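Please read them beside the sequence and the coordinates.

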Amino acid sequence: MTKKLKQTASKKVCKTLDSIYEICIEQTQRGMYDFSVATISRLGYKRGVPKAQSLRNQSGEQYRALLNSFEEQHHGDKPRLESKSKDDWIEEIQNPKHKLLARIQASELAAANKKLREFIPPGSRIEVRDYQNSTLDEDHKLTKLERRALEYIISEEFLGKWGFSISEYGEIVDGNSKVVLKAATVDAVNKALNNI
């Protein structure tokens, strides 16, 4: 087929036809019978084979004819791909009871994974930290300046300067008993000062 195509072709086309022919032969030697335009152009880009779009264009008709001849010649040689699932191992279990239990476990696992994907968007990162039982590294400790700022918020000096006081609920309120900082603010600041 290649000789027939080369009779009316230019030197450049002949060289490209030879490259495509060599790639197709290599494919058959590997046991790969994929002679698609995309595959051959990808495998032959360093050998001067045009890109896939160029092979599909009208100017690539001779190249496609060569690929079609290989396709027809090896049509029956293509290996049939059996669809494999991740649960195929279950079918290898001989004991019917064990096989049934394995199927139940696999379906429960699939259901649990589906639920997890609903709760947690793909690509998210979840960090779980146990601050009560772990020692904090230096990045998480308050600096002297931060500590002084928190201590100042609940100090008598700050409260007196602005006419604030601390309520029984841990709120900071002004002289008219209007809430300035919400309930448990003082407790939260004290807890931060003690734990960080």
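1. V13 counts as buried, because its relative accessibility is 16% and buried means under 20% relative accessible area, with exposed over 50% and partly exposed in between (1.4 Å probe, protein chains only). V13 belongs to helix α2, which spans residues 11-30; helices (H or I, at least four residues) and strands (E, at least two) are DSSP runs, numbered from the N terminus. Leaving out residues up to four places away in sequence, V13 touches Q62 and Y63, where contact means heavy atoms within 4.5 Å. Between the C-alpha atoms of V13 and G60, which are 47 residues apart along the chain, the separation is 9.4 Å.

2. On provenance, this is a predicted model, in which local features need pLDDT of at least 70 and side-chain atom pairs count only at pLDDT 80 or more, while totals for chains, interfaces and linings use all residues. Residues are numbered from 1 along each chain as its sequence is written, and side-chain values use heavy atoms, with hydrogens and water left out.

3. For the chain overall, the secondary structure comes to nine helices and three strands, and the order of elements from the N terminus on is α-α-α-α-α-α-α-α-β-β-β-α. Of the 196 residues of the protein chain, 25% count as buried. The accessible surface of the protein chain is about 15600 Å², with 53% of this belonging to carbon and sulfur atoms; such areas come from the Shrake-Rupley method with a 1.4 Å probe, and for residues only the protein chains shown count as cover. Among contacts between residues at least 6 apart in sequence, 40% join residues at least 24 apart.

4. Side chains of opposite charge can pair when their charged atoms come close. The whole structure holds five salt bridges, each defined as a side-chain nitrogen of Lys or Arg within 4 Å of a carboxyl oxygen of Asp or Glu. R47 pairs with E22, the closest N and O atoms being 3.9 Å apart. Because R47 lies in the loop between α3 and α4 (52-56) and E22 in helix α2, this pair ties together parts that are 25 residues apart in sequence. R47 also meets E26 in a salt bridge at 2.7 Å, N to O, and this pair ties together parts that are 21 residues apart in sequence, since E26 likewise lies in helix α2. A network of salt bridges links E22, E26, R30 and R47. R47 is partly exposed at 33% relative accessibility, as are E22 at 42% and E26 at 24%.

5. The salt bridge between E91 and K99 has an N to O distance of 4.0 Å. E91 is partly exposed, with a relative accessible area of 46%, whereas K99 is buried at 18%.

6. S41, in helix α3 (residues 37-43), is buried with a relative accessible area of 8%. The side chain of S41 reaches the backbone oxygen of A38 at 3.1 Å. Leaving aside neighbours within four places in sequence, S41 is in contact with V49, P50, K51, A52 and L55.

7. The structure holds four aromatic pairs, where rings of Phe, Tyr and Trp (its six-membered ring) pair if their centres lie within 6.5 Å. Y21, F35 and F70 are linked into a cluster by ring pairs.

Notes:
Polar contact = N/O pair within 3.5 Å; in protein donor to acceptor, adjacent residues only side chain to side chain. Phe/Tyr/Trp six-rings, centres within 6.5 Å; stacked < 30°, edge-to-face > 60°.
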